[in-house]
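Thank you all for making the time this morning.

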Amino acid sequence: MQDEMDNKQRNAYLKIVRALSAIPCAKPFLKPVDAVALGVPDYYNIITNPMDLSTIKKKLMDKQYKTKQEFVNDILLICENCRNYNTDPHNHIRMLCEEFQSQFEFQMDNYEKRLEAEKKRLEEEEKERLKQKEEKTKEELPVKRPSNKKYSNFIKKLKKTQVYEEIKSEQLEDYEENIEDKDEQTIHEEISHLVLDKLDSVGPSQAKTVEYIWEDSVKNNEEELEEVLDLDKLRGKDLVESVIKLKIPEQYEEPESSSLPVQSQDYMEAVLVPLFNPESLHSTKQKLVKALFD
């Protein structure tokens, strides 16, 4: 089923009719056949459904055609009537008819090509419009950034340590106030510059303290994805020197070496057995006393 003819198509067909009317071969088909003037009194006896360009033009303007095919059929009816009345292929009017139909087909073919090109152009423009709209929408949408609270916590905890006094700077002093407006990559780079690059100038225990605070603030923050900053990588050290991931307290002291006789079998049994069988604690009390004081 063909689409109903719209005003745009109707105007295009009117232009085709006007173009056909201007060429010499269409002269016999401009108006209804005057059988008396042309000396063909039997014309309307043979042609029961006459058609001409002026009639087609009027039907177009009056919106009588509902589809393209109805318009095409009337043009072809002009040619069919001509052939039916002028049966001799060498007849002058018949030869003009053949030229007229060729011109019509040429005009219609050009129109269809222009229509297809216009359709493609509109489709491309629509695609481009939608693409630009999508890009604009993406630009207008706020960039979803993770909360930087974990980095603020890192700075706050760092300020409570002794090592902060050795590495602090004016920029680091106010750093946590503007941290929410920065992306994580920028924060990593700035912390590397403000804090991590200065760790070589402090003692090993203080450097480990900073690393511990970093992991405790960032890695263990429940509001963020777990992420460990490779401190050695940021400081440019070899990857073999892995980041210390053990939680080391700020005031860490080595326990005094035990003077207990660990070689004693009674001592080992007294210490280890309760770990696997707590109920045996009472029964091994005497063994432990014996191991310590005998």
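Let me begin with Asp109, which counts as partly exposed because its relative accessibility is 38%. Please keep in mind throughout that what you see is a predicted model. The partner of Asp109 is Lys113, and the two form a salt bridge in which the closest N and O atoms are 3.4 Å apart. Lys113 is exposed, with a relative accessible area of 55%. Asp109 and Lys113 sit four residues apart in helix α5, and so about one helical turn separates them.

That pair is one of nine salt bridges that a search of the whole structure finds. As a general point, side chains of opposite charge can pair when their charged atoms come close.

Now to a group of three residues: salt bridges with shared partners join Arg83, Arg94 and Glu98 into one network. In one of these bridges the side chains of Arg83 and Glu98 meet, at 2.9 Å from N to O. This pair links distant parts of the chain, since Arg83 belongs to helix α4 and Glu98 to helix α5, which covers residues 92-140, and the two are 15 residues apart. The other contact of Glu98 that I want to show is with Arg94, again a salt bridge between side chains, here at 3.5 Å from N to O. Glu98 and Arg94 are four residues apart in helix α5, and therefore about one helical turn lies between them.

Let me turn to the helix packing. Helix α3, residues 53-61, and helix α4, residues 68-85, pack with their axes 10 Å apart and at an angle of about 170°. Because angles over 145 degrees count as roughly antiparallel, that is how α3 and α4 are described relative to each other. On the α3 side the contact is made by Leu53, Ile56, Lys59 and Leu60, and on the α4 side by Phe71, Asp74, Ile75 and Ile78.

In general, most residues other than glycine have a negative phi. Lys63 counts as partly exposed, at 46% relative accessibility.

Finally, the cysteines. How many disulfides does the count come to? The count comes to zero. The sulfur of Cys82 has its closest cysteine sulfur in Cys97, at 4.0 Å, which is too far for a bond, because the two sulfur atoms of a disulfide must lie within 2.5 Å. Cys97 is likewise in no disulfide, the nearest cysteine sulfur being that of Cys82. Cys82 counts as buried at 4% relative accessibility, and Cys97 is buried too, with a relative accessible area of 0%.

That is where I will stop, and I am happy to take questions.

Definitions and conventions. Residues are numbered from 1 along each chain as its sequence is written. This is a predicted model: local features need pLDDT of at least 70, side-chain atom pairs count only at pLDDT 80 or more; totals for chains, interfaces and linings use all residues. Side-chain values use heavy atoms; hydrogens and water are left out. Axes are lines fitted to C-alpha atoms, for helices over the stretch in contact, and angles run from 0 to 180 degrees between N-to-C directions. Angles under 35 degrees count as roughly parallel, over 145 as roughly antiparallel, 65 to 115 as roughly perpendicular and the rest as oblique. Contact means heavy atoms within 4.5 Å. Buried means under 20% relative accessible area, exposed over 50%, partly exposed in between (1.4 Å probe, protein chains only). A salt bridge is a side-chain nitrogen of Lys or Arg within 4 Å of a carboxyl oxygen of Asp or Glu.
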